[in-house]
Amino acid sequence: MQLTADFNDIYWEPPESEFQPLLDFESEVFQEVPHNDIAVLTQRIKRSFLDYVRQGIMLEAVRRYRLYKRQYQDFAEYCNRALGRSHFYCKKIIQAAQICLRLIKAKFKILPNCVAQALPLLKFAKVDEYGDSQLQDKWQTVVDSFSPHLITAAKIAETLDENPEDRAKQVRVSGKAYQLLEQKAAAAGMAVYNYLEMLIGGTEPPDEEPPDDEEETELTPEEEEVLDSLEKSWPKTKPASGFGKKLSKSYQKAITPIRSGDKSDSS
C-alpha cells in the first residue's frame, strides 16, 4: 500500500485541497467585513469555541456504529491513519464533548470552551444508582467562582481538587539539571519524583550495605581458651575475622559443648 502525506493514509487529500477551505474562509470573511454585522461575527466566533463538541459527536458516531470497518481494523487505526491523531486524544475529545452536552441539557449557558476545560469534570460525571451525579453541582461551583472570561482549565482543576496538597505541580528545570536528577535518582534506585521528595525532606538516599544477619556475643573465659588453642594449632593460617573478643552465632555453635558441661578434645 502506498503511504502518503504525514498521516500515512492513502485516502488523505493533499494539503493544498485539504486546507483550501480555510483559505477560502479567510477571503470570505475579509471581503464581507465592510458589510458584516459585528453581532453575526460574534455569534460565529462563540460557536467556534465549541467545535470540540462537534468533533466529539462525529468521533462517537464513527466509533459507536463502527463506520471505520470497511477500511480500518479498529477505531485506533482509524484515528491514527485517517485523522493523524492518537486514539487516546480522540477518546478525550469524545469524553469532553459528552460532558459539555450534559451541561447544555442541564440548561447551563456558560460552558467549557475546550477539551482541557471539560476533562477535569470527567470524574464527577459518574451516575449513581439513583440517576444522580456531581457534575452539575461541580460546574456550578466553577461558574459561581469565576467570571466566564477568567475560567481556565487550571482554575477548574484547582477549584474542584479534593486533595490539593497531593496534586502534582510543574517545576521548570533546565535539560542539563533534569539529566543530573535522573542520574542521581537512578543511582539511588528511585524514581525522579521520589528522589526530589527525599531531597526536599532533607534526607539522604539509603546506603546500600549488606544486612548484618549474625549477632555477636561476648566470649566466656572457657570459650577464649578454646579459641587460643585453635589459633596455636594453625600457626600458618591467618586467623579468621571472627576470632577475638566477640563471636558470631556460627562460632558459638562450634563451642556449645563448653557451655553445656561437656569436655573438649583439648582437655
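These legends walk through several close-up views of one predicted model.

Residue numbers start at 1 along each chain as its sequence is written, and side-chain values use heavy atoms, with hydrogens and water left out. Since this is a predicted model, local features need pLDDT of at least 70 and side-chain atom pairs count only at pLDDT 80 or more, while totals for chains, interfaces and linings use all residues.

**View 1. The whole chain, before zooming in.**
The protein chain has 14 helices and two strands; these are DSSP runs numbered from the N terminus, with helices being H or I over at least four residues and strands being E over at least two. Of its 267 residues, 22% are buried. Here "buried" means under 20% relative accessible area, "exposed" means over 50%, and "partly exposed" is in between, using a 1.4 Å probe and protein chains only. The chain exposes about 20,300 Å², with carbon and sulfur atoms supplying 53% of that; areas come from the Shrake-Rupley method with a 1.4 Å probe, and for residues only the protein chains shown count as cover. Take the contacts (heavy atoms within 4.5 Å) between residues at least 6 apart in sequence: 51% of them join residues at least 24 apart.

**View 2. The largest nonpolar core.**
A nonpolar core is a set of buried Ala, Val, Leu, Ile, Met, Phe, Trp, Tyr and Cys residues joined through side-chain atoms within 4.5 Å. The largest one has 32 residues, and the members touching the most others are Tyr52, Phe75, Tyr78, Ile99, Leu103, Leu121 and Trp139. Two or more residues come from each of α4 (51–64), α5 (75–82), α6 (87–105), α7 (115–118), α8 (135–145) and α9. Helix α6 gives the largest share, eight residues. Look elsewhere and you'll find a second, separate core of six residues, including Leu181, Ala185, Val192 and Tyr195.

Leaving aside neighbours within four places in sequence, Tyr78 is in contact with Val62, Tyr68, Tyr72 and Leu83. Ala118, in helix α7, is buried because its relative accessible area is 0%. Not counting residues up to four places away in sequence, Ala118 touches Tyr52, Ala96, Ile99 and Pro112. Ala118 and Trp139 are 21 residues apart in sequence, and their C-alpha atoms are 9.6 Å apart in space. Over in helix α6 is Gln95, buried with a relative accessible area of 18%. Gln95 touches Leu119 and Leu122, again not counting residues up to four places away in sequence.

**View 3. Cysteines without a bridge.**
A disulfide is a covalent bond between the sulfur atoms of two cysteines. The rule used here asks for a pair of cysteine sulfur atoms within 2.5 Å, and by that rule the count is zero. Cys90 is in no disulfide, and the nearest cysteine sulfur, that of Cys79, is 3.5 Å away. Cys90 is buried, with a relative accessible area of 2%, and Cys100 is buried too, at 0%.

A salt bridge is a side-chain nitrogen of Lys or Arg within 4 Å of a carboxyl oxygen of Asp or Glu, and the whole structure holds four of them. In helix α4, Asp51 and Arg54 are three residues apart, about one turn of the helix, and their side chains meet at 3.1 Å, N to O. Asp51 is partly exposed at 35% relative accessibility, as is Arg54 at 39%. Also in α4, Arg64 and Glu60 are four residues apart and pair up at 3.4 Å, N to O. Arg64 is exposed at 54%, but Glu60 counts as buried at 14%. In helix α5, Glu77 and Arg81 are four residues apart, about one turn of the helix; their side chains meet at 2.9 Å, N to O. Glu77 is partly exposed, with a relative accessible area of 21%, whereas Arg81 is buried at 17%. Salt bridges that share partners join Glu60, Arg63 and Arg64 into one network.

**View 4. Two loop residues with positive phi.**
Most residues other than glycine have a negative phi. Arg66, in the loop between α4 and α5, has a positive phi of about 50° although it is not a glycine. Lys107, in the loop between α6 and α7, has a positive phi of about 75° and is not a glycine either. Arg66 is partly exposed at 48% relative accessibility, while Lys107 is exposed at 69%.
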